[in-house]
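Here's a quick tour of a structure, from its charged pairs to its ligand site. Have the model open while you read.

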Amino acid sequence: MRKAIGLMLASLVIFCADAQTVKLNSGYDMPVLGLGTWTLKGDVAEKAVYSALKSGYRLIDTARYYGNETEVGRGIRKAVDEGICKREDVFITTKLVPWSNTPDSDIDDSLEKLGVDYIDLILLHQHGSNDDAVYRAMCRAVKAGKVRSIGISNFYTEKGVSHFIKNFDIPPAVVQNENHIFYQNNQLRDWAKGQGIYIESWYPFGGRGHTKDHLQNPTVLEIARAHKKSAAQVIVRWHIQAGYIVIPGSSNPAHIAENYNVWDFTLTDAEMSQLEGLDKGVRYENW
Ligand SMILES: NC(=O)c1ccc[n+]([C@@H]2O[C@H](COP(=O)([O-])OP(=O)(O)OC[C@H]3O[C@@H](n4cnc5c(N)ncnc54)[C@H](OP(=O)(O)O)[C@@H]3O)[C@@H](O)[C@H]2O)c1
């Protein structure tokens, strides 16, 4: 009976706006706010990760494609060595390229580069020529204890996500997609919720190149003034209250700290609706 209740809970997405973590369908907890590291290279990546962990973050997002797993690993190790956090308290996400013919050894290589003996979450980075074989390798890695949870990225339709639910032993726990105030795929989020899957937002500020449109949006600024918070903090808070996991990217320690300082205010229902009203349904990227 107890096992049956546990299984029922594991397949439900339960969201509480004040919680700093969510329970994935794998049974593991995942922080709802993390640091994105795309385009951060070398020392910049290492320092950003270290600075994030010092500011309280416990979720770090990287990918094989970003070419910074070694530096991300170094940033984590520095924080662990200094007693800022323990390895087991940090949730590390990396991603596999979908065209790889060597996904098993790619996972081993990521473990080595990150300097860890397990990875918290591995995502299939996007749709590609070898999707199924890569996802199968991810399932094998879970069974081998190398990876705790798996997911997919850049799948925007129920049909695309359903493929991985129907055809593999382990369903995705997370779908990481472009998602922001100007592109809100609420339909997918609501459907995924019923499947026990969380949506994780990339480009919360529009990515490098579009940040002004987001951070200087008059509606966002008006709400920010009402709460005496910054536009970035309002946007991060909107993602969390809307039920998303969110990973703003930054190389600037002041921005990194600012983006994490979102636990002391709550957007009202009216403010949430105002921000929802900004949706244009258009993505910046089409990968
Ligand atoms: N799965 C995928 O295909 C995919 C694709 C894209 C991204 N991602 C992930 O999602 C993460 C987030 O996306 P992103 O980093 O590309 O874009 P983003 O988070 O939307 O925006 C990053 C930009 O915002 C600026 N910024 C951050 N905090 C700020 C603040 N408080 N005030 C003013 N400016 C601020 C950053 O500049 P500073 O460095 O100066 O702070 C940077 O220029 C990535 O890092 C990556 O981990 C995944």
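There are 14 salt bridges in the structure, each being a side-chain nitrogen of Lys or Arg within 4 Å of a carboxyl oxygen of Asp or Glu. In one of them, arginine 64 pairs with aspartate 109, with 3.1 Å between the closest N and O atoms. That pair ties together distant parts of the chain, 45 residues apart: arginine 64 is in the loop between β4 (59–61) and α3 (69–81), and aspartate 109 is in helix α4 (residues 103–114).

A word on the source: this is a predicted model, where local features need pLDDT of at least 70 and side-chain atom pairs count only at pLDDT 80 or more, while totals for chains, interfaces and linings use all residues. Residues are numbered from 1 along each chain as its sequence is written, and side-chain values use heavy atoms, with hydrogens and water left out.

Now the ligand. Around it are 30 residues, with Asp61, Phe205, Gly249, Ser250 and His255 coming nearest; to count, a residue needs a heavy atom within 4 Å. By class, that shell has eleven nonpolar, 15 polar (Gly counts here) and four charged (Asp, Glu, Lys and Arg) residues.

| Residue | Protein atom | Distance to a ligand oxygen |
|---|---|---|
| threonine 37 | polar backbone atom | 3.1 Å |
| glycine 206 | polar backbone atom | 3.3 Å |
| arginine 208 | side-chain N or O atom | 3.4 Å |

The protein covers 91% of the 900 Å² of accessible area that the ligand has on its own (Shrake-Rupley method, 1.4 Å probe).

Key:
A polar contact is a pair of N or O atoms within 3.5 Å; within protein, one must be able to donate a hydrogen and the other to accept it, and residues adjacent in sequence count only if both atoms are side-chain atoms. Helices (H or I, at least four residues) and strands (E, at least two) are DSSP runs, numbered from the N terminus.
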